[in-house]
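Biologist: I am new to this structure, so please take me through it slowly. Could we look at it together first?

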Amino acid sequence: MARRRDYDVAVIGGGLLGAAIAWGLAREGRRVAVLDEGDVAYRASRGNFALVWVQSKGLGMPEYAAWTQRSSDRWAELAAMLKDETKLDVAFARPGGFHLCLSEAELEKRAQMLMRLHNQPRMVNYPYEMLDREGLRKFLPDIGPEVVGGSYSPLDGHCNSLRLLRALHAAMKGRGATYLANHVVDRIDPRAGGFRLVTAAGEVRAGKLVLAAGNGNARLAPMAKLTAPVRPQRGQIVVTERVRPFLPYPIVTIRQTDEGSVMLGDSVEEAGFDDSVGSGVVAAIADRARRMFPLLGGLNVVRSWAALRVMTADGFPIYDQSAECPGAFIATCHSGVTLAANHALELAPMIAGGQLHPDLEVFSARRFDVPKVGRA
Ligand SMILES: Cc1cc2nc3c(=O)[nH]c(=O)nc-3n(C[C@H](O)[C@H](O)[C@H](O)COP(=O)(O)OP(=O)(O)OC[C@H]3O[C@@H](n4cnc5c(N)ncnc54)[C@H](O)[C@@H]3O)c2cc1C
C-alpha cells in the first residue's frame with residue numbers, strides 16, 4: 001500500500017531553488033520534505049555556467065538588479081555557512097567579472113545597454129566600468145588582438161555549481177529535511193489546513209507548499225491556483241581539459257573552474273524540451289572563445305552538454321503566494337546560482353513566516369495579466 005507522510009512544508013523540486021529554499025526552511029525549524037523526479041529529469045541546476053553575476057541584470061525591472069546585488073553581497077556568507085554545515089567548499093570567488101567585445105559595434109552596444117540600465121528610475125547604484133583594450137589588458141594580459149574592450153563590475157563572481165547543489169542537499173538533509181527522489185507530483189489537492197500531493201510512490205501531506213519544479217512549474221502551478229508562464233530555453237556549454245591558471249576573473253562566456261578546466265558558454269536557443277547538443281553551436285562557442293583568448297585554441301575539448309533554462313517572458317523571476325490557496329508559494333528564475341543566497345537566507349524565512357515581503361510584489365506573476373487589447 002502506498003505510504004502517507006505529513007510535513008510542515010513540502011517543496012516540489014530538488015534543483016538549486018528547491019534545495020536552497022528547503023535548507024532555509026529547515027534552518028527555521030520546519031519539518032520539510034523535498035519531492036523530486038528521478039535521474040533523467042530536466043535539471044538546469046546540473047548544467048549551468050556557475051556565474052554569480054550582477055553587471056547586466058535588471059534592464060526593465062530595476063528591482064531585479066537590487067535583488068541580484070543583494071544576493072551577490074550575501075554569497076560569501078552563504079558559502080561560509082554551507083562549509084560550516086557540510087564541510088563542502090563551493091569555491092565561491094568574487095574577483096569581479098568582465099564582458100568582452102570583439103568589435104567597436106559590440107562595445108558601443110554594451111556601453112549603451114549599461115547606460116540604459118543605470119539610468120532607470122529606482123536603479124541601485126552599483127559600480128561598473130567600461131574599459132578599452134589597454135584597460136582590459138591590465139587585468140587580462142592573454143586577450144587576443146580582436147578584443148577591443150569590455151565592461152567590468154567588481155560585484156561579479158562564480159562558484160562550483162555542482163558542488164553548490166551537492167552542498168545544499170547535504171545541508172538540508174543535515175538539518176532534518178527529507179529528500180524523496182522518484183516522487184513525481186502528479187496532482188496537488190489543496191484542502192483545509194494544507195495540501196495533499198499525489199505521487200505514484202505515495203501521498204505526501206503538508207501545511208505549506210513550495211513549487212520549485214523549474215520548467216515543471218508551468219504544469220503544477222494551476223493546481224494551487226498560481227500561474228507560472230515559464231518555458232525551456234536551451235543553453236550549450238563546452239569544457240576544455242585542465243590547464244595552468246591563466247584566468248583569475250570570470251568572463252560572462254568563459255571561466256576557469258577551481259579544478260583548472262575552462263568552461264565556454266553558453267548559447268541561448270529556443271528549442272522547446274530538446275536538450276541535444278549541436279556541433280554548429282559548439283563550434284561557434286569555441287571559435288568566439290578562441291578569438292578572445294587565443295591560448296584556448298590549443299586545448300582539447302573534453303565535454304559539451306546542453307541544459308534547459310527556466311525562462312519567463314520578461315526574463316525576471318516569479319515569486320508568489322497563491323491568493324486562493326494561501327500557503328502555496330512558487331519560486332522560479334533563470335539565475336538560480338546567483339540568487340541562491342537570497343533563496344536560502346531571505347525567501348525561505350519569508351515562506352516560513354507565511355508572507356512574502358511587499359518588496360517582492362514586483363515579482364508576482366500577476367505582472368503578466370495584461371488585458372488583451374482587441375478591436376471594438
Ligand atoms: C546553460 C545554462 C547556463 C546557466 N548559467 C547560469 C549562471 O551562470 N548563473 C546562474 O545564476 N544561473 C545560471 N543558469 C540558471 C540556473 O541553472 C537555474 O536558474 C537553476 O538551475 C534553476 O533551478 P530550479 O531548481 O528552478 O530548476 P531545475 O534545476 O530544473 O530543477 C527543477 C527540479 O524540479 C523537479 N520536478 C519537475 N517537475 C516535478 C514534479 N512534477 N514532481 C517532482 N519534481 C519535479 C525536476 O526533477 C528538477 O529536479 C543557467 C542555466 C543553464 C541551462
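Modeller: Strands here are DSSP runs of E with at least two residues, and helices are runs of H or I with at least four residues, numbered from the N terminus; two strands pair if DSSP finds at least two bridges between them. This is a predicted model, in which local features need pLDDT of at least 70, side-chain atom pairs count only at pLDDT 80 or more, and totals for chains, interfaces and linings use all residues. Residues are numbered from 1 along each chain as its sequence is written, and side-chain values use heavy atoms, with hydrogens and water left out.

Biologist: Which residue in E6 is the bridge partner of Met130?

Modeller: E5 pairs with strand E6, residues 149-153, in the antiparallel sense over four bridges. Within E6, the residue bridged to Met130 is Ser151.

Biologist: In what order do the three strands of the open sheet lie?

Modeller: The edge strands, each pairing on one side only, are E4 (97-101) and E5 (129-132). The pairing is antiparallel, and the order is E4-E6-E5.

Biologist: How many disulfides does a search of the whole structure find?

Modeller: A disulfide is taken as a pair of cysteine sulfur atoms within 2.5 Å. For Cys333, the nearest cysteine sulfur, that of Cys159, is 13 Å away. The search of the whole structure gives a count of zero.

Biologist: Which residue caps the N-terminal end of H5?

Modeller: Helix H5 covers residues 161-174. At its N-terminal end, a side-chain oxygen lies 3.4 Å from the backbone nitrogen of Leu162, and that oxygen belongs to the capping residue, Asn160.

Terms used. The expected span of a helix is 1.5 Å times one less than its number of residues. A polar contact is a pair of N or O atoms within 3.5 Å; within protein, one must be able to donate a hydrogen and the other to accept it, and residues adjacent in sequence count only if both atoms are side-chain atoms.
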